[in-house]
Structure formats: structure tokens, C-alpha cells
Amino acid sequence: MPSWQTLFDYQMIRVLPWIVGGVVCAVLLGWSPLGRGVFRWMKRPATDDAAIRELHNELDAVRVELSELQERLDYAERMLATESRERVQLPLQEIEKHLTPV
């Protein structure tokens with residue numbers, strides 16, 4: 001039965017070329033024009049303050065529209081609920097009229 005250390009050594013032997021290859025590729029990519037462009041893109045400032053303010057204003061407008069839409073939906077649900085209750089009560093009242101002895 002092999003020891004844990006032997007198994008670990010075998011696993012490291014299989015994984016080590018992938019690790020070394022990945023490091024070499026990363027270094028070569030960093031020296032290439034593509035790598036320099038990617039690093040430059042990563043270091044650039046996110047966006048200017050005016051664009052961020054504009055996005056915040058647009059988000060606030062969407063929130064206002066959403067709250068108005070929720071209010072309309074609540075109103076429509078209440079109206080439908082009252083109509084359905086009235087429809088149920090009306091036939092019951094007519095049936096009770098016919099069932100009560102005169």
C-alpha cells in the first residue's frame with residue numbers, strides 16, 4: 001500500500017507541468033502587445049462622474065415608474081376583488097329570496 005507522501009508526489013508530478021505552463025503563458029502574455037493592452041484596459045478609470053450621475057438619475061426614474069406601476073396593479077387587484085365579491089353576493093341574495101317562504 002503506497003503512503004500518502006508517495007500519492008502526493010505522484011499527483012504533484014501530474015499537476016506541476018500545468019502550473020509551470022500556466023505561469024510561463026501568463027508571463028509571455030504580459031510581455032506581448034495583447035497582454036499590455038489588456039493590462040492597460042484593466043487600469044483605466046471606470047467612468048467619469050457625469051456618466052455615473054446620469055445612470056443614477058435614470059435608475060431613480062425607473063424606480064419612480066416601477067412604484068407607480070405597483071400602485072396601479074394594487075388598485076386593479078382591489079377593483080377585481082370587489083367586483084368578484086359583488087358577483088358572488090348577488091346570486092346568493094336572489095336564491096335566498098326564492099327559498100324564503102312567503
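Student: What pLDDT does the protein average?

Tutor: The structure is a predicted model, and pLDDT expresses the predictor's confidence in each residue, from 0 to 100. Of the residues, 72% score at least 70. The average for the protein is a pLDDT of 80.

Student: Which element has the highest mean pLDDT?

Tutor: The protein has 3 helices and 0 strands, and its elements run α-α-α from the N terminus on. Among these elements, the lowest mean pLDDT, 78, belongs to H1. The highest mean, 83, is that of H3.

Student: What percentage of the residues of the protein count as buried?

Tutor: A residue counts as buried when its relative accessible area is under 20%. The accessible surface of the protein comes to about 10,100 Å², and carbon and sulfur atoms account for 66% of that surface. Of the 102 residues, the share that counts as buried is 2%.

Student: Which residues gather with Asp74 in a patch of negative charge?

Tutor: Asp74 lies in helix H3, residues 49–99. With a relative accessible area of 39%, Asp74 is partly exposed, and patches are made of residues with over 30% relative accessible area. The residues that gather with Asp74 on the surface are Glu65, Glu68, Glu71 and Glu77.

Student: How far apart are the closest N and O atoms of the salt bridge between Arg63 and Asp60?

Tutor: The structure holds 1 salt bridge, and a salt bridge requires a side-chain nitrogen of Lys or Arg within 4 Å of a carboxyl oxygen of Asp or Glu. Arg63 and Asp60 form such a pair, and the distance between their closest N and O atoms is 3.9 Å.

Student: Why are Arg63 and Asp60 separated by about one helical turn?

Tutor: Both residues lie in helix H3. There, Arg63 is exposed, with a relative accessible area of 52%, while Asp60 is partly exposed, with 40%. Arg63 and Asp60 are separated by about one helical turn because their spacing in helix H3 is 3 residues.

Note on methods:
Residues are numbered from 1 along each chain as its sequence is written. Side-chain values use heavy atoms; hydrogens and water are left out. Helices (H or I, at least four residues) and strands (E, at least two) are DSSP runs, numbered from the N terminus. Buried means under 20% relative accessible area, exposed over 50%, partly exposed in between (1.4 Å probe, protein chains only). Accessible areas come from the Shrake-Rupley method with a 1.4 Å probe; for residues, only the protein chains shown count as cover. Patches are made of residues with over 30% relative accessible area and no salt bridge: like charges are joined within 9 Å, nonpolar side chains (Val, Leu, Ile, Met, Phe, Trp, Tyr) within 5 Å. Lys and Arg count as positive and Asp and Glu as negative; His and the chain ends are not counted. The place of a charge is taken as NZ of Lys, CZ of Arg, CG of Asp or CD of Glu.
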